[in-house]
Amino acid sequence: MQTQGQWSAVQGAAVMILLRLFPFFCCGTAFSAAEAKQMMLTAALHAALILPLLHFRHRLHIPAMLLRGFRLCAAFEGAYLTLRLRQLCLQLRLQHTKALLLMLLVMLLCTVSLHDRAAARTAMLLLCLAAFGFLLLPVSGIGTAQRILLHTPDSAPHFAQEWADACELPLIPLILQKQTESAAKRSAYAWAAFRILFLPAVVLFGTMQNGRLRRFQGNPFFLLLARTPLSDAVRTDGFWMLLAFGCGALCITFCLQTAKPHLHTQRRMLAAAFLPYLFFLALLLLLPQAAAVTGLLHLLFGILIPWGIILYSLLFDRRESA
Amino acid sequence: MKRLEILLCAALLLCGCTDIRRRLLPDILAVDPEYPVQFAAHTSQETGIISAEAETALQMPDALRNASGAEISTGHLTMLAVSGNPCGVLESYFQAQMLAPTCAVLAVPADACGLLRDGSLPDPEQLAAAAETGLLPDRTADTVLADLWGGSGITAVCSADADGLTLALWSESGCCGTLSEDACRGLALLGKRKQSFAFAADGITYRLESDTLQIGITGADTLHIRITGTIRTAPPLTEAAGSRLSEMLTAALRETASMHGADLLFLREHAIRSGISAARNCSQEDWRGLLQSAEYSVAINR
């Protein structure tokens with residue numbers, strides 16, 4: 001039974017899905033069938049490691065010390081996603097990237113102070129819009145899709161990038177805590193289906209359109225949109241651009257809300273979330289190589305630590321009962 | 001916090017404001033890439049042609065802006081005409097996202113800017129009509145670059161000369177040749193853009209109703225490219241009409257793959273699908289060589 005303040009299954013699924021969808025919008029490598037295959041395999045591995053967590057959800061009590069680590073990780077995640085948003089602005093050759101990022105920071109001051117259910121409700125709305133857009137995509141592009149392009153050669157490895165793009169992994173244990181058992185289960189299965197089936201399908205569709213344009217240095221998803229207009233006069237990239245920025249703002253907001261500890265005053269809470277966020281953002285801007293640790297952080301906070309807590313709790317309980 | 005929200009909303013609404021009178025949207029752009037690079041742009045907002053010159057092709061927006069006094073937005077270009085080799089200009093504009101992928105590309109022998117000023121360039125609508133009636137295959141910026149980057153490094157670009165519209169094969173190093181009318185029609189027949197396709201044989205006009213043409217590649221050292229499939233026309237296909245279509249398809253293969261090693265029909269992907277490992281691993285030059293030594297055949301069922 002869902003109580004006041006708990007997230008519904010759709011809300012949980014929407015946040016998890018958007019946290020993965022936003023890095024997908026910002027991707028910089030050309031679509032290929034090999035990428036779709038590696039994406040599917042990595043997603044299957046993630047699902048195989050995350051879905052059993054549901055069974056032990058009641059044992060997943062994160063101690064205060066580790067919770068601080070999770071909050072720092074969420075702040076880093078927020079900074080990493082801000083960097084990806086900046087990368088998207090640069091890929092799309094937008095003229096006022098700095099002004100946009102400045103406005104994003106002002107907006108975050110407003111949105112982070114809201115209750116996290118506001119982010120969950122907005123995520124539902126954005127997911128509905130994304131679903132509508134994805135329904136239109138095959139309508140506009142089915143005539144120009146070439147199945148033979150799935151055989152375009154590509155030997156680039158995508159496995160590490162998949163780990164770095166799985167921004168929802170360290171946040172899933174925390175999202176599951178906000179839901180009832182049945183809602184958590186349904187959210188997690190919807191997320192797994194999205195990652196294993198839907199996202200690779202979009203990449204395959206993109207490959208059937210862009211297959212030979214592997215040397216293009218811009219954003220492959222927006223190239224796909226530009227190549228599949230609804231008609232001679234109607235292009236959908238404006239809609240997707242707004243949606244991508246909306247997703248980005250929402251994901252960063254959610255990360256900062258997670259990074260925010262429960263303190264007495266609003267200012268202190270905001271400072272506790274924003275200071276590490278701004279530190280990580282400055283670090284990533286000055287030292288872009290630092291983003292390479294993102295995949296490792298996802299593995300650590302999304303899989304190793306939650307499983308460590310569960311295994312410790314199982315062993316400790318056995319010893320107690322013995 | 002409420003004041004901040006109002007301020008933020010106002011800033012968000014106002015940051016998209018622009019004076020539309022100070023922005024020009026060219027629909028045809030002509031470029032002469034020889035130094036100094038010359039530009040001429042036609043817009044539907046102004047009667048005259050805007051002309052400018054710069055040191056490099058990528059300086060086009062600033063050069064045209066200085067010449068016209070208005071900001072230039074090239075996202076609505078419907079045709080890019082380039083004199084000489086169009087590959088370099090097209091590649092740099094595409095990578096800089098200065099033109100839409102669906103923009104038509106036209107190569108002219110010389111003085112594209114002068115031709116635009118004289119009104120001697122074909123309209124973008126003419127190119128679209130030629131693609132829709134199956135006279136030429138669809139050659140927009142994305143398809144031209146796709147074949148240049150992903151095929152054997154040779155692409156086909158619509159070309160205008162004294163005889164009218166045709167297709168010319170270009171690589172980054174220069175022009176490889178011009179295709180005959182039959183080869184152009186054969187490529188169009190194998191493409192997806194055509195809306196109608198009519199041809200004459202023995203004094204009768206045939207109109208294509210449906211086709212299931214497929215490309216198959218076999219062999220290891222010497223490739224064998226086969227085009228097979230069924231074509232239905234109104235009136236029904238006779239032997240003479242069938243051999244007329246075979247001639248077009250054979251010309252398309254002979255003048256692209258066999259003579260120049262050009263891969264405009266996803267031949268490399270077909271070869272990979274058939275399990276030919278050389279196609280997966282070889283360089284563009286090697287693939288060109290393999291195509292030039294390939295055998296080919298066409299078999300049409302009625």
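## A walk through chains A and B

Let's start at A:Cys26, which sits in the loop between helix H1 (9–25) and helix H2 (33–50) of chain A; helices here are DSSP runs of H or I with at least four residues, strands are runs of E with at least two, and both are numbered from the N terminus. Before going on, a word on provenance: this is a predicted model, where local features need pLDDT of at least 70, side-chain atom pairs count only at pLDDT 80 or more, and totals for chains, interfaces and linings use all residues. Residues are numbered from 1 along each chain as its sequence is written, while chains are lettered from A and ligands numbered from 1 in the order in which they are written.

Is A:Cys26 buried or exposed? A:Cys26 is buried, because 23 other C-beta atoms lie within 10 Å. The cut-offs are 20 or more other C-beta atoms within 10 Å for buried, 12 or fewer for exposed, and partly exposed in between, with C-beta atoms placed from the backbone. Setting aside neighbours within four places in sequence, A:Cys26 is in contact with A:Arg84, A:Gln87 and A:Leu88, a contact being two C-beta atoms, placed from the backbone, within 7 Å.

Zooming out, chain A has twelve helices and zero strands. Its radius of gyration is 20 Å, close to the 20 Å that the globule rule gives for 322 residues, so chain A is as compact as a globular protein of that length. (The radius is taken over C-alpha atoms, and the rule is 2.2 Å times the number of residues to the power 0.38.) Along the principal axes, the C-alpha trace of chain A spans about 65 × 45 × 40 Å. Buried residues make up 42% of the 322 residues. Of the chain A contacts between residues at least 6 apart in sequence, 86% join residues at least 24 apart.

One helix to look at in chain A is H8 (residues 181–210): at 1.5 Å a residue its 30 residues should span 44 Å, and the end C-alpha atoms are 42 Å apart, which agrees. The expected span is 1.5 Å times one less than the number of residues. H8(A) does bend by about 35 degrees at A:Phe194, the bend being the angle between axes fitted to the seven residues ending there and the seven starting there.

Among the buried residues of H8(B) are B:Leu245, B:Met248, B:Leu249 and B:Ala252. Just after H8(B), B:Gly261 takes a positive phi of about 75 degrees.

How do the chains meet? Here 25 residues of chain B are in contact with 28 residues of chain A. Helices H1 (2–14), H6 (141–150) and H9 (267–273) of chain B each supply at least two residues of the touching side, and H6(B) gives the largest share, six residues.

Finally, the largest nonpolar core has 177 residues, and B:Leu90 is among those with the most contacts inside it. Such a core is a set of buried Ala, Val, Leu, Ile, Met, Phe, Trp, Tyr and Cys residues joined through C-beta atoms within 7 Å. Leaving aside neighbours within four places in sequence, the contacts of B:Leu90 include B:Leu80, B:Val105 and B:Val144.
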